[in-house]
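Colleague: I'd like to learn how to read an interface, a pocket and a salt bridge. Could you walk me through them?

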Protein chains: 2
Amino acid sequence: MIHEHISKAFDNELNELRQSILAMGGKVELMIANSVKSLVDRDTPLAERTIALDHEVNTAEVSIDERCLELLALRQPAARDLRFITIALKIVTDLERMGDQCANIAKRAREMNEEPPLKPYIDIPRMAHHTEVMVKEALDAFVRGDSELAIKVCMDDTFVDDLNIQIQRELLTFMIEDPTTISRAMKLNYISKSLERIADHATNVAEMVIFMVKGKDIRHTIA
Amino acid sequence: MIHEHISKAFDNELNELRQSILAMGGKVELMIANSVKSLVDRDTPLAERTIALDHEVNTAEVSIDERCLELLALRQPAARDLRFITIALKIVTDLERMGDQCANIAKRAREMNEEPPLKPYIDIPRMAHHTEVMVKEALDAFVRGDSELAIKVCMDDTFVDDLNIQIQRELLTFMIEDPTTISRAMKLNYISKSLERIADHATNVAEMVIFMVKGKDIRHTIA
């Protein structure tokens with residue numbers, strides 16, 4: 001009876017942990033969308049707000065980390081719950097670094113808003129949208145223990161990688177044809193690479209989810 | 001008596017864990033040095049060997065991760081040991097990603113060895129050397145619980161950041177003056193940024209060590 005009581009309390013704690021990770025993820029998804037929106041719409045105040053949001057993401061990381069340590073110490077979980085909490089510890093680090101990347105994108109956008117636009121942006125918003133969906137699905141897969149959704153996220157990473165390569169090639173052409181575009185093209189190149197890195201983080205999360213569910217490690221086996 | 005016996009066994013297990021993390025770190029340090037050496041000496045076979053070494057780093061991550069989970073489940077550590085093991089879990093992820101960056105540097109070096117050299121490399125080897133020292137010192141700080149050394153690593157990151165900015169400016173000048181250098185300059189830019197990212201990972205490790213030792217979180221307080 002006491003055991004059941006503790007078990008129920010622990011279930012609630014794990015659910016709260018899931019919810020706080022989803023809430024942190026929601027902030028990161030908003031940062032991805034708004035950092036690129038601040039570039040496309042040349043909206044510097046939105047860039048500033050995106051940069052400011054990074055502090056909240058950082059605070060969330062520290063507090064979830066602490067919570068995981070408390071649960072490990074107090075509940076001494078085994079097997080599945082142990083794996084869930086240790087993966088939560090790693091996932092918040094990935095989320096925090098995604099937030100850093102978004103803040104960097106917003107900083108570049110803020111700089112680019114001071115200069116004439118280089119070209120209409122089509123592929124970068126597409127890339128941002130796909131990246132945001134990957135982050136959302138990776139976290140949904142984590143909280144639901146859904147390995148199929150996690151596998152989908154790993155597969156989607158190729159699409160973002162391809163878009164990044166395509167954008168880089170296009171920017172190279174711009175720079176070679178007109179050296180006055182070099183400085184702006186380098187900033188766009190940086191933004192494209194940052195999005196690709198965020199997608200890589202989402203893939204890392206998805207790989208850990210597959211490991212959590214299937215109990216085997218697919219990291220380093222998917223190219 | 002039995003308790004003492006278990007405690008001694010656990011101490012030995014923690015020491016083995018420390019040693020395996022240092023061994024993994026040693027491989028990453030070698031990868032940093034050799035990826036840049038393969039660029040400077042135009043040594044493509046060395047680039048190939050560096051790329052191959054990444055598999056060993058990946059395998060080390062998986063095996064140390066498993067070991068940490070076993071220790072958490074079997075020993076149910078508290079306080080300091082719990083914190084040590086959960087930070088070990090995060091550190092191996094950073095080390096694995098440093099290995100990925102080194103493999104990427106070696107791939108760019110392999111491509112650049114097929115083209116005429118752009119310029120003598122002075123700052124990139126300096127940056128690589130400093131980054132390698134940061135990784136080594138961050139891991140030494142971790143295994144010894146030395147927060148002063150960890151703080152030094154955080155401070156050293158500024159030097160690597162500054163070198164990266166300096167290299168990027170220089171490359172921008174090259175590209176503007178002679179557009180035929182753009183493709184090669186972009187690759188060097190990529191290599192410089194990869195080194196900067198490795199130094200960032202070392203800083204992340206050092207920050208976690210300070211957290212481990214001091215029990216307070218300095219992450220996100222050092223700019």
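**Reading the interface**

Modeller: Between chain B and chain A, about 3,300 Å² is buried, and carbon and sulfur atoms give 60% of that area. Interface size is often quoted as the accessible area lost when the parts come together. Here buried area is the accessible area (1.4 Å probe) that two parts lose on being put together, summed over both. Mind that this is a predicted model: local features need pLDDT of at least 70, side-chain atom pairs count only at pLDDT 80 or more, and totals for chains, interfaces and linings use all residues. Residues are numbered from 1 along each chain as written, chains are lettered from A in written order, and side-chain values use heavy atoms, without hydrogens and water.

Colleague: How many residues of chain B are in contact with chain A?

Modeller: Contact means heavy atoms within 4.5 Å. By that rule, 36 residues of chain B touch 36 residues of chain A.

Colleague: And how many salt bridges cross the interface of chain B and chain A?

Modeller: A salt bridge needs a side-chain nitrogen of Lys or Arg within 4 Å of a carboxyl oxygen of Asp or Glu. The rule finds 4 across this interface. One of them joins B:Asp94 to A:Arg97, with the closest N and O atoms 2.7 Å apart. On chain B's side, the elements giving two or more residues are helices H2 (44-75), H3 (79-112), H5 (147-177) and H6 (182-214); helices are DSSP runs of H or I, at least four residues, numbered from the N terminus.

Colleague: Which salt bridge does A:Glu13 form?

Modeller: A:Glu13 pairs with A:Arg75, the closest N and O atoms being 2.8 Å apart. A:Glu13 sits in helix H1 and A:Arg75 in helix H2 of chain A, so the pair ties together parts 62 residues apart in sequence. Chain A has 6 helices and 0 strands, and its C-alpha atoms fill a box of roughly 75 × 35 × 20 Å along the principal axes.

Colleague: What volume does the second largest pocket have?

Modeller: On a 1 Å grid over the protein atoms alone, a pocket is an open set of points where a 1.4 Å probe fits, with protein on both sides within 12 Å along at least five of seven lines; lining residues have an atom within 4 Å of a point. Volume is the space filled by probe spheres set on the points, which are joined across faces, edges and corners. This one has about 170 Å³, and its lining includes A:Arg18, A:Phe84 and A:Met212.
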